[in-house]
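Trainee: I am new to this structure and would like to learn how to read it. Could you take me through some features one at a time?

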Amino acid sequence: MATKKQIILPIVVLSLGIGGFLAMSALKQPPAEKEAVDNTPLVTVKQVEFNPMTFTVSSYGVVNAKYETELVSQVNGEIIYLSESFVRGGFVKKGDILAKIDPSDYDADLIDAEANLASARASLVQEKAFGKVAEEEWKRIKDGVPSELSLRKPQLAQEIAKLKSTEAGLKRALRNVERTVIKAPYDALIESRSIGLGSYVSMGTPLGKVLSTHKAEIRLPLADKDIQYLINKGKHAQVTLVADLGGKQQEWSGTIVRSEGVVDKLSRMTYLVAEVIDPYGIESNNSQLRFGSYVTANIAGTHAGNVTVLPRHLVVNGQIAVLDDDNKLTYKTVNIIRQFGAEVVISAGLEQGMNVITSALDYPVEGMQLALPQEKLQQQDDDSEGSETQLAMEEKE
């Protein structure tokens, strides 16, 4: 039979264990509640702005002179004079003397031609006098009928022909003398010179090449799809030419003067020709648009009205994702009137001030709730301020 001690000891041990467990449970803090996680997708947006736009079409080309002339000798002889301006890169005015060929032989030919002309004129006067004498003599003969030969008409015609021939010879002699002086055909830049002082030239010998400085031309290739944005297919359109000269970007103004009217067989491009007045700034003192320069051209085109320009990648199947006033995703069908590079021009489908979504969405569903980064940050700041206020109130209590 158990003693009193054996009964009381287990009860005491059990009571102590239960008491310790209750004490420890009282000291243990309840687990903190987890904060709710906001999984609303964040997006970035760009506000739509409509502005008036005039289309431009870009192209490129090389500057060339409108007129290029190869100077050749039209007579034979020795070069006895060369102008100091007749050098590569020299500028000359119309009529400036570039070179002279020895005119001695042609001066002598001119004297001969003048003498022959004087002789022919004298012979003609003499023959006219003979004809009048013959006519007067035949008037005295009443029964006879004079022939043309007896009236010396054939002889008179022969003398007239000789006079015309000598006049032509004089013109040739004068022209050959003039051709011994090589003159600039227009205001020009000397591209090359092929002769030197003392050189002997014959008819057809190249003397040099000159380029007109009054006007420059640039052939501008355009694709057919770009011509639709030009007024009257670009004729008389204004062109802005841009080039880097001396490490600095410079601009010139020009005008489209014509289309070449055919499509290039290799490039499938249509060429428009732009013209620039006074490319070397001789009369206007503008910066020089040198021949051979590579330029980019912006051709003024049609007026597009009020449009907005957005990145091309935002358009998917003709629609653009927009964030509405309730921060929900919605799609707008847009009208694209032009695409160039990485951008598109939109004329309809969007409204001024709309928020176009510019960031990518993993699983977009129309009507889904979205959030802006700045709004989420503001919400977090408000939540943080609310937690601090509640904590301060609890400490006071």
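Trainee: In which sense do strand E19 (residues 335-340) and strand E20 (residues 343-348) pair?

Mentor: Strands (E, at least two residues) and helices (H or I, at least four) are DSSP runs, numbered from the N terminus. Two strands pair if DSSP finds at least two bridges between them. Here E19 and E20 are antiparallel, with 5 bridges. Arg338 has Val345 of E20 opposite it. The two strands form a hairpin with 2 residues between them, and Gly341 in the turn has a positive phi of about 60°.

Trainee: What should I know about the model itself?

Mentor: This is a predicted model, where local features need pLDDT of at least 70 and side-chain atom pairs count only at pLDDT 80 or more, while totals for chains, interfaces and linings use all residues. Residues are numbered from 1 along each chain as its sequence is written, and side-chain values use heavy atoms, with hydrogens and water left out.

Trainee: How many helices and strands does the protein chain have?

Mentor: The protein chain has 5 helices and 21 strands. Of its 397 residues, 30% are buried; buried means under 20% relative accessible area, exposed over 50%, and partly exposed in between (1.4 Å probe, protein chains only).

Trainee: Why is strand E17 (residues 319-323) described as largely enclosed?

Mentor: Because 4 of the 5 residues of E17 are buried, the rest of the structure largely encloses this strand. Strand E16 (residues 315-316) runs antiparallel to E17 and is joined to it by 2 bridges, with Val315 partnered by Ile320. Strand E18 (residues 329-333) is antiparallel to E17 over 5 bridges, and there Ala321 stands opposite Tyr331. The E17 and E18 hairpin has 5 residues between the strands, and Asn327 takes a positive phi near 60°. Strand E21 (residues 355-357) is also antiparallel to E17, through 2 bridges, with Val356 as the partner of Val322.

Trainee: How many residues does the largest nonpolar core have?

Mentor: A nonpolar core is a set of buried Ala, Val, Leu, Ile, Met, Phe, Trp, Tyr and Cys residues joined through side-chain atoms within 4.5 Å. The largest one has 31 residues, and Leu220, Val239, Leu241, Ile256, Phe291 and Ile299 have the most contacts inside it. Elements giving two or more residues to this core include strand E11 (215-222), strand E12 (238-245) and strand E13 (248-263). Apart from this core lies another of 28 residues, including Val75, Ala120, Leu163 and Val201.

Trainee: Is Glu217 buried or exposed?

Mentor: Glu217, in strand E11, is buried, with a relative accessible area of 13%. Its side chain makes a polar contact of 3.0 Å with that of Arg258. A polar contact is a pair of N or O atoms within 3.5 Å; within protein, one must be able to donate a hydrogen and the other to accept it, and residues adjacent in sequence count only if both atoms are side-chain atoms.

Trainee: What span should helix H3 (residues 153-179) have?

Mentor: The expected span of a helix is 1.5 Å times one less than its number of residues. For the 27 residues of H3 this should be 39 Å, which agrees with end C-alpha atoms 39 Å apart. An α-helix has 3.6 residues a turn, so residues three or four places apart point the same way. Among the buried residues of H3 are Gln155, Glu159, Leu163 and Thr166.
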